[in-house]
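Trainee: I would like to take a close look at one part of this structure and see how it sits among its surroundings. Could you walk me through it slowly, step by step?

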Amino acid sequence: MLVKTVVTTLRRALGALFIGLALTGAAFAQQPPTLKIGFGMSLTGPLAGNGKAALIAMEIWREDVNAKGGILGRKVEFVYYDDQTNPSTVPGIYTKLLDVDKVDLVVSGYGTAVIAPAMPLMMQRNLTFMTLFGLNVNSKFNYDRYFQIMPAGPEPAVGWTRGFFDAAMTLNPKPKTIALVGADAEYPHLALEGARTHVQRLGLKVVYDKSYPPNTVDYSPIVRAIQASNPDLVYVASYPPDSAGMVRAANEIGLKTRMFGGGMVGPQFAALKTQLGPLLNGVVNYELYAPELSGKFPFLDKFIARYQERAAAAGVDPLGFYLPPYAYAMMQVLDQAIVATGGLDQTKLADYIHKSSFDTYVGKVNFAKNGEWAVPRVMMVQFHGISGNGVDQWKKPGVLTVLEPNAYKTGPVVAPFQDARK
Amino acid sequence: MRQPAGDPRRFRFDPMEITPALILNAVIAGLLIGGFYAAVSVGVSISFGMLDVVNIAHPAFILVGSYIAYIVNDRFGFDPILVSLVVSPLFFALGLGIYRVYYVCFERRGQESLRGLAFFFGILFITEVALVLIFGVDYRTASTAYTDTTLRLGGIDFPLRLVVPFAVSMAMVAGLQVFFTHTFFGRAVLAVAQDQLALRLMGVDPVRIKGLAFALSIATASVAGAFLIVIQPVQPSIGREYIGLVFAVCVLGGMGSIWGTLIGALVLGVAESFTSTFVGPSWAPAVSFGLLLATLAFRPSGILGR
């Protein structure tokens, strides 16, 4: 009797369990799968500061999209790995993302050095590849599904460096000689290539054209050699630690030239802005945003406020003027393309991105045939009136003059460099 | 201006005017940076040169020193070099602990060569990740009253951000040399480097001596770290860039020789400075390591090695 009761109870329990599981499964079946976007990002290594800042921006975008119900009804999920700012890790990361994690889409990590090694795999799989701040990467690959969000224009190396030379040519009398110097690394080489194009176009005489190893500690011998060649202009293409070294050395030696700077990575970020402080006075360098222009990018201001809240906790660039808005915009382009094409067909996505115009936080974006911005929009600014090393002076207008492009110009260049430093 | 046929991206240009001031500035800049190299390398000279402990994690300890100097400088405004001197006993204690682990796990079992190397590699990477987690990945620097000041004497520049580390480095290296040659403990360390068995027969425990000497080498990393953050901005992975340099200086100067390390560092600094000024900075590492190879070819034990 007892055995019969136990068996009956067990049968009922199993039946209830089966029905419960079936109902749960049905509920799960109603949820569309998440839309997985995969990428490698520099979370350690020399460019980790930028990589983490970009990741914060992309996560803000994901939250915004998911709050609106996702893309095509699918919640967005990120699958990402730390590329350690090491190009050799990149092919493995993307292979794993595609073959093991089975992501639906991939985008790039930050920078030329980690975008280039992903390209062969993207081409092999015919994937649409949205990329973040690679300089002139597609000039070697000519891949028709490559898109790049940095506003360097269809001839990236040339567009990237144009502002410095255009600003220099407003000087009276016009400069005649130039020194070119940069680190032995991917980005500086490409930037110097662009600079050389302008040098030829403008008929400038090159009096110094050399590169230095990235682990250089003291830059004063380099700046002294530049001073000995007495150039009117000094174009520098460098990464953050060497940018700091070059600016310090130029101040210590009292470099006498008419314009100094151009392609230095680093002064766009709060870390170097606050470290160098008044040493940046007089330097002419590229920027992608200036508080002086906040009225022209109203949505961007809202984004930057949200970014700045999170950046402080993450220990990354507390200003976020340079990379984060473009990381967000890159995802906006992808979002709009998926919605418009109604799916993840890579051919349709690439075709749509080629022929469409996108409204993003950084403005209207159109892509040229090679996947770069159709019209360049790199700003050349001159630093002035910086006092002390506080970060707040950088959050409001007052310490930058926008020299180029003309549409955003807020004032003329002050020269020579030794006077502009004061 | 004309483009050379071989390399269309580069321009040829007139050679610069070489003046006595340019030469003197190159020498001074080389000596100043050499002083920094000496501070960075002297710890490895002790651990690797004298104790046969391949402490490849030494640059990581230097970075820890940089970050401690940074955080105290940032919060309280104290001079980073002063901070490093104050916290160097903590580094000494850390060194004692690390050597104990190394001895018990590897050296005592005769597995110090390969597994010991892996141990220090592990410490290097763990330290780097820990710094990333604690401080984030942004570049950090310390501000001092002298960082942005340059003295100019007769056309020669003396940037104080290099002069102050140079002066403290010279004092540290000279102090270490006196310590190793004029104290019982110092001579015991030199004896460990030569013959551990003989030292044991003299009634001295070589393991204890090695532990204390290793701890001293780690203590120097605290000071070198402060120099680093005064000279340039740092981020957690920058230590890797110094691994080659510290071992090159150590070998060039002569294994286990403190004066040799100083001379090697100064020679390397001046060679780099001259090459950067008169030939081109991209040649600097080639010239430095070429110098190292030439020294080893003609004097395999290094400049002052025995």
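Mentor: Let us begin with chain B of this predicted model, which is divided into domain 1, covering residues 47-236, and domain 2, covering residues 241-306. The centres of these two domains of chain B, taken over C-alpha atoms, are separated by 20 Å. Where the two domains meet, 12 residues of domain 1 of chain B are in contact with nine residues of domain 2 of chain B. On the domain 1 side of this meeting place, at least two residues each are supplied by α1 (20-50), α2 (58-76) and α5 (160-182) of chain B, and α5(B) gives the most, with four residues. Sorted by class, that side of domain 1 of chain B has nine nonpolar residues, three polar residues and no charged residues.

With that setting in mind, turn to helix α9 of chain B, which spans residues 243-253. Eight of its 11 residues are buried, so α9(B) is largely enclosed by the rest of the structure. To follow that reasoning, you need the cut-off, under which a residue is called buried if 20 or more other C-beta atoms lie within 10 Å of its own. Just after α9(B) comes B:Gly254, which takes a positive phi of about 115 degrees.

Phi of A:Asn126 is near 55 degrees, a positive value in a residue other than glycine, and A:Asn126 is found in the loop between α5 (119-125) and β4 (129-132) of chain A. A:Asn126 is exposed, with 12 other C-beta atoms within 10 Å. A:Phe133, found in the loop between β4 and α6 (138-141) of chain A, has a phi near 65 degrees, which is again a positive value in a residue other than glycine. A:Phe133, however, is buried, with 26 other C-beta atoms within 10 Å.

Finally, follow chain A to the loop between β14 (400-404) and α15 (417-420), where A:Pro405 lies. A:Glu404 and A:Pro405 are joined by a cis peptide bond, with omega about -5 degrees. A:Pro416 lies in the loop between β14 and α15 of chain A as well, and the peptide bond that joins A:Ala415 and A:Pro416 is also cis, with omega about 0 degrees.

How values were computed: Residues are numbered from 1 along each chain as its sequence is written. Chains are lettered from A and ligands numbered from 1 in the order in which they are written. This is a predicted model: local features need pLDDT of at least 70, side-chain atom pairs count only at pLDDT 80 or more; totals for chains, interfaces and linings use all residues. Domain bounds come from an automatic or database domain assignment. Two residues are in contact if their C-beta atoms, placed from the backbone, lie within 7 Å. Ala, Val, Leu, Ile, Met, Phe, Trp, Tyr, Cys and Pro count as nonpolar, Asp, Glu, Lys and Arg as charged, and the others, Gly among them, as polar.
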